[in-house]
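Let's take a walk through this structure together. Have a look at it first, and then we'll go through it piece by piece.

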Amino acid sequence: RKWETIKTYEDIFFDYFDGIGKITINRERYRNAFRPTTVNEMSDAFRICREDQRINVVVLTGAGDKAFCSGGDQTVKGKGGYIDKDGIPRLNILEVQRQIRSLPKPVIAMVNGYAIGGGHVLHVVCDISIASENAIFGQTGPKVGSFDAGLGSSYLASIIGQKKAREIWFMCRQYSAAEALEMGLVNKVVPFDQLEDEVVAWAQKMQEHSPLALRMLKLGLNAELDGQVGLQEFAGNATLLYYLTEEAQEGKNAFLEKRKPDFKKYPKFP
Ligand code: 2NE
């Protein structure tokens with residue numbers, strides 16, 4: 001399989017193959033921990049994934065065979081957040097979480113090792129998680145002076161249940177891929193050397209299906225949990241579909257032609 005580079009960055013790889021955009025955190029030295037630069041680059045790549053007409057499915061992973069992502073880079077954690085070259089503390093990973101959630105295309109976490117801390121949250125917010133047998137899952141926040149009480153907790157609880165989510169956060173234990181599968185935290189576990197093949201097969205299967213149908217399903221599943229913001233996203237997509245109708249075109253055309261619109265001629269769908 002030949003991945004072609006979409007864009008070159010400092011901390012991530014961003015590649016394309018057969019309708020798939022693959023974002024790889026490339027900081028093996030730190031178990032693929034993210035610093036603000038990493039996060040800015042991920043954010044840029046996710047924005048491109050949203051716009052690029054060739055990309056139907058996005059894959060998020062980490063470089064090497066040890067870690068998917070070990071969360072925020074503790075070596076640059078200062079007062080108020082993670083500090084980058086500009087000296088300003090940031091927690092910009094939350095923006096990437098929101099990007100993954102609202103991206104109108106499926107996002108698959110290809111979990112190739114440790115998914116820990118903020119790295120665990122990243123796989124949680126992806127639509128699908130496929131893990132290798134050596135993957136290990138867990139939160140460490142309360143042990144290292146941090147927490148993610150947002151999607152990292154509430155969405156986690158909606159996936160695996162309140163008791164288990166509280167256990168994961170309060171105990172800060174590590175869980176095997178088999179345990180993750182058992183609790184519904186991942187969709188499938190495969191041997192490490194089959195991981196990418198499996199993920200690509202899932203991505204190809206999804207690409208046989210209607211992109212608009214997948215898009216509306218993702219947004220509907222989000223909307224159930226996301227309150228007014230979920231409704232706003234869902235409604236935005238309903239507007240998109242409405243703009244494709246003759247009925248909506250009539251409104252705009254009548255305005256431009258300075259006449260009264262005639263909406264009566266369009267079919268009603270009971
Ligand atoms: C990931 C884990 C369990 C791996 O353990 P192991 O034994 O395989 O590797 P080791 O030796 O711990 O790590 C290898 C090198 O990577 C660095 C280590 O310090 C070590 O460096 P050297 O000793 O060789 O110099 N490294 C690993 N993770 C790092 C990190 N996150 N930041 C900086 N350097 C890191 C084990 O390494 C581990 O437990 N890592 C820390 C996990 C963690 O606590 N992450 C932060 C959670 S908080 C968070 O991510 C967060 C949040 O809570 C809310 C919002 C945003 C972020």
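**Rings and a ligand**

Phe 14 counts as buried, because its relative accessibility is 1% (buried means under 20% relative accessible area, exposed over 50%, partly exposed in between, with a 1.4 Å probe and protein chains only). Tyr 9, at 16%, counts as buried too. Before we go on: this is a predicted model, where local features need pLDDT of at least 70 and side-chain atom pairs count only at pLDDT 80 or more, while totals for chains, interfaces and linings use all residues. Residues are numbered from 1 along each chain as its sequence is written, and side-chain values use heavy atoms, with hydrogens and water left out.

A search of the whole structure turns up three aromatic pairs. One of them joins Tyr 9 and Phe 14: the ring centres are 6.5 Å apart and the planes meet at 45 degrees, so the pair is tilted (rings of Phe, Tyr and Trp, the last by its six-membered ring, pair if their centres lie within 6.5 Å; planes under 30 degrees apart are stacked, over 60 edge-to-face, the rest tilted).

Now for the ligand. It is surrounded by 22 residues, and the closest are Arg 29, Gly 72, Gly 118, Thr 140 and Ser 146 (a residue is near a molecule if one of its heavy atoms lies within 4 Å of it). A polar side-chain atom of Thr 140 lies 2.7 Å from an oxygen atom of the ligand, and a polar backbone atom of Gly 118 is 2.8 Å from a ligand oxygen atom.

Conventions
Polar contact = N/O pair within 3.5 Å; in protein donor to acceptor, adjacent residues only side chain to side chain.
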